[in-house]
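Could you look over these notes before you open the viewer?

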Amino acid sequence: MHKPQNIVILTGAGISAESGIDTFRSDGRPEKQGTWEQHRIEDVATPEGFARDPDLVLNFYDMRRADVQTKQPNAAHHALARLDREWNARADRALLIVTQNVDDLHERAGAQCVHHMHGELLSALCSACLERSPWTGPMIGRPACPQCGETALRPDVVWFGEMPYDMESIYGALRGADLFVSIGTSGAVYPAAGFVQDARSMGVQTLELNLERSEGSGWFDETRLGAASVLVPEWVDEILA
Ligand code: OAD
């Protein structure tokens, strides 16, 4: 693999698994159920589910929001934060971390250039004024929007059937990239699952780091299998060497 200049990294739930945050789909271990084996997507991750039973949905995200604040970034988040810092310190190179994760572990490890395409648990979206506000507490009590005062807050998380955030900047970065790296994602949810094909069609090199082969593995130039806490620091050392 030649030395890249511009890197786009896509991360998924697998990078936060070793921090104790559940993945969505189980990874084959019978003792470890994914979030979607415990909750129905249509109940807790669609606008229709929210309209049907807002308390159920607010409670689901309130619990996840409280839980994530008890977790810590792991070696993989720290390695990417180091890469983000060192890579972007040079004017002739660029690195963008695109995450499907709604946790803030990349930021807490110190990464600066992070796009949360599926939104953030620690943010509230007001359905009345459409503003986003930092949010750490529960929403079940219908608190007022800090910006407009309406009691119309919802989790700032992209649900199925909704448009992910920042797609224009992400595709712009992919077009200018020469390496695309996918970490800890099953490649089951589009448009993120299609980034590898988009990258390939633009002549970008592609690398996958994942615990097991994913639905998209066949599209990557190279796949390395193992735990993110081991593979990511190894790859970062390699790329910075
Ligand atoms: P998934 O749960 O679908 O996949 C997690 C991937 O991480 C699997 O391929 C695992 O093998 C891998 N994995 C697990 N532990 C790992 C570890 N320690 N090191 C490396 N890899 C590990 O999660 P995502 O691909 O992120 O969207 O899911 C994509 C989207 O589906 C989520 O953002 C969410 C979900 O529905 C929305 O809610 C819109």
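1. Helix H5 gives the second largest pocket the largest share of its lining, 5 residues. Helices (H or I, at least four residues) and strands (E, at least two) are DSSP runs, numbered from the N terminus. This is a predicted model, where local features need pLDDT of at least 70, side-chain atom pairs count only at pLDDT 80 or more, and totals for chains, interfaces and linings use all residues. Residues are numbered from 1 along each chain as its sequence is written, and side-chain values use heavy atoms, leaving out hydrogens and water.

2. That second largest pocket has 20 lining residues, and Ile21, Asp22, Thr35, Arg64 and Asp67 sit nearest its centre. On a 1 Å grid over the protein atoms alone, a pocket is an open set of points where a 1.4 Å probe fits, with protein on both sides within 12 Å along at least five of seven lines; lining residues have an atom within 4 Å of a point.

3. Now the largest pocket: 47 residues line it, and Gly12, Ala13, Thr23, Phe24 and Arg25 are the closest to its centre. Helix H1 (14–17), helix H5 (54–68) and strand S8 (205–210) each give two or more residues to this lining.

4. What about Ile183? Leaving aside residues up to four places away in sequence, Ile183 touches (heavy atoms within 4.5 Å) Ile9, Leu10, Thr11, Gly12, Ile15, Leu80, Leu209, Ala228 and Val232.
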